[in-house]
Amino acid sequence: MEDPTQEKNYLYAVLNLPPTASQNEIRERYKALSITYHPDKQYDLRAKEVATKKFLEIQKAYEVLSDPFLREVYDFLGPEGLNRQWPAELRSNDSNEIKAVLRQWKINHSNEILEKLLQPRGTVICEVNASSVFARSDEHSGDSRNFVKRVGGIKLSSFGIRHGIMKALGPKTTIGVTGDVHPGSRDVFAARGTLTGALRHQFSPRLTLELTAAFLSPHIITAKTTYSDNENAVSVRATFIPAFWYLFPPVTTISFGRRLFRDSLTQGSASWTYSPQRPGGNLELSVFSPRQFDFGSVDDYVDATERAIFSGPGSISGFGTGVRTWSYGLTLAGLNSCIKAEFSLFFHELSLRLKASAELGLRKIAYIVSAKWIGQRSAFGTGVGLSTEGVILRFQLTYLEQKWTLPITLTSEYDPSVALYTILIPSTVLVVGYHFVLKPRRRAQREKRALNDEKSELKREIENTNLLLQDVARRHMDAERSRGGLVILEAAYGPSPDKEAAGLDVDVTTSLQALVHNGQLYISSRTPKSGIPGFLDPAPTAPKTLRVRYLFRERMHYAEIPELSPVVLPLKGELCPITRYDPGSPAPFGP
């Protein structure tokens, strides 16, 4: 049975109010219903149980609908939005900015639901050979100066598509199917493609089993078992073809990893692989050492807490905090033996990873420089590789777990000059873009956050002031209502509705009601309204208006008072009667 609390506008139904109800109407209805359903007023046990349940619903509805931010979240996202922990600084944003954040969250949440159903993963690889463009003159005699013919020599060397889906059968078991097709390859078997099934089961938080099997010939089966704890990790992987198991033993890999020091994150690993081609096996040793860094000074941050967290605008440069990583490796595999070294920097504020690696072997020497930006739902990376086999420029784009890879072969031989120019040109574009686009944007974000923090502090001060004025305002309201005097139903102070800054109104109902005396309200034109207790100037540079809906002699009136005019209520010559006030039928706020 569907939970009625998850229905749209359910909290409004609890208070018996429409979604257009004002804050004052919500407050009045809450007071009336909380008195009616208060458990202490019920003497019958069964009635008290029902009243308690209803009373808690009323409390929940008032808690959400009386909070402007939570009400906006509820109106836009429904009950689901209340289950999320929203950033505190979001409350200080204006209505349009809040709606933009909520709209983006709704889109991302919908994508997450779709991903959880099947968990799709896709990869497209398109290899391009552009070596003809950078070929030397003696290799293309007669055509070496013809740029059109050089470009015409670019060709597609291979094209491959890989796509898989995963489905969770339970909290510990997952199954999946993966298809792999290479229609652009000249290899007949690869052109047919492969179809592989996978099963993963987690026996315990430390022990996991993974099985994969190819449905098409040759039927290759792979089994992998992994055990890991806080300090160690051990895995065994075996790959074999059932039809030839008696001729060829399975290709087996045994890996072991361990945290080397208790006071650091340095890890070491060793891996040994046995195969029929190399009975002695291959041995790989590696050391991985990450360490956090903080290059920023105190002046680079909005406040001291930003040095401890990696969210928000942070430092102006964006390079203030991150992780620096060194790794070293040694591979013993006959003529394929080599040593490796890698250094990377990951900047948390920019979500940017820069990496450089080198490999020195008996058969090959290779250098790789790459950069990768990682977003919440997407990523983009590029890199240049220089080796004895040539120069390769690689681009990679990822969106919603779908990956597109474009490796471009620039030369088929060792050419440091081509690699250098390939690195310098995009790096120059990156530096110029950072200096003229990203850095000014980050400075604006930093200033905006400081302004939002200041407004948030002022709003908290106003909320505390309203709490102090509530009792006074309530006594004045009761006294005025008893003799048909001046009762402030709703009052808002903010930019004029026809201005771009509209939507920044501040609720000043409590503050004005506390100022009512003997059926009159007077504020001098010489008194800045931002200085009145409970008032806040939401837009210092925009002209503002005080809009008030009030009761006088049991008739409803509406008034708009410009910033520099005195506030005199009730109006003498500009009364705007709308209707006789009926508490059961709320009217919209506005003229």
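Two residues are in contact when heavy atoms of each lie within 4.5 Å. By this criterion, residues 24 or more positions apart account for 48% of the contacts in the protein with a separation of 6 or more. The structure is a predicted model, in which local features need pLDDT of at least 70 and side-chain atom pairs count only at pLDDT 80 or more, whereas totals for chains, interfaces and linings use all residues. Residues are numbered from 1 along each chain as its sequence is written, and side-chain values use heavy atoms, with hydrogens and water left out.

The secondary structure comprises ten helices and 23 strands; helices (H or I, at least four residues) and strands (E, at least two) are DSSP runs, numbered from the N terminus. Of the 591 residues in the protein, 32% are buried. Here buried denotes under 20% relative accessible area, exposed over 50%, and partly exposed in between (1.4 Å probe, protein chains only).

Helix 2 (23-36) has 14 residues and reaches 20 Å from its first C-alpha to its last, close to the 20 Å expected. The expected span is 1.5 Å times one less than the number of residues. Because the 21 residues of helix 3 should span 30 Å at 1.5 Å a residue, the 30 Å between its end C-alpha atoms agrees with expectation. Buried positions of helix 2 include Tyr-30 and Leu-33, while those of helix 3 include Phe-55, Ile-58 and Leu-65. The cover over the buried residues of helix 3 includes helix 1, helix 2, helix 4 and helix 5 (79-82).

A nonpolar core is a set of buried Ala, Val, Leu, Ile, Met, Phe, Trp, Tyr and Cys residues joined through side-chain atoms within 4.5 Å. In the largest such core, which has 24 residues, Leu-11, Leu-15, Leu-65, Phe-69, Tyr-74 and Trp-86 touch the most other members. Helix 1 (10-14), helix 2, helix 3 (45-65), helix 4 (68-77) and helix 6 (95-118) each supply at least two residues of this core, and helix 4 gives the most, with five. Beyond four places in sequence, Trp-86 touches Phe-69, Val-73, Leu-77, Gly-81, Leu-102 and Trp-105. A second, separate core of 23 residues includes Leu-512, Ile-532, Leu-546 and Ala-559.

Ser-511 belongs to helix 10 (residues 509-515) and is buried, with a relative accessible area of 2%. Apart from neighbours within four places in sequence, Ser-511 contacts Asn-466, Leu-469, Pro-533, Gly-534 and Phe-535.

The structure holds three cavities of 30 Å³ or more. On a 1 Å grid over the protein atoms alone, a cavity is a set of points where a 1.4 Å probe fits but cannot get out, and lining residues have an atom within 4 Å of a point. Grid points are joined across faces, edges and corners, and a volume is the space filled by probe spheres set on the points. The largest cavity contains about 140 Å³ of space. Its lining includes Asn-24, Arg-27, Arg-474, Thr-509 and Gln-513, and helix 2, helix 9 (416-482) and helix 10 each supply at least two lining residues. By class, two of the lining residues are nonpolar, five polar and four charged; Ala, Val, Leu, Ile, Met, Phe, Trp, Tyr, Cys and Pro count as nonpolar, Asp, Glu, Lys and Arg as charged, and the others, Gly among them, as polar.

Conventions
1 Å grid on protein atoms, 1.4 Å probe; cavity = no way out; pocket = protein on both sides within 12 Å on 5 of 7 lines; lining within 4 Å.
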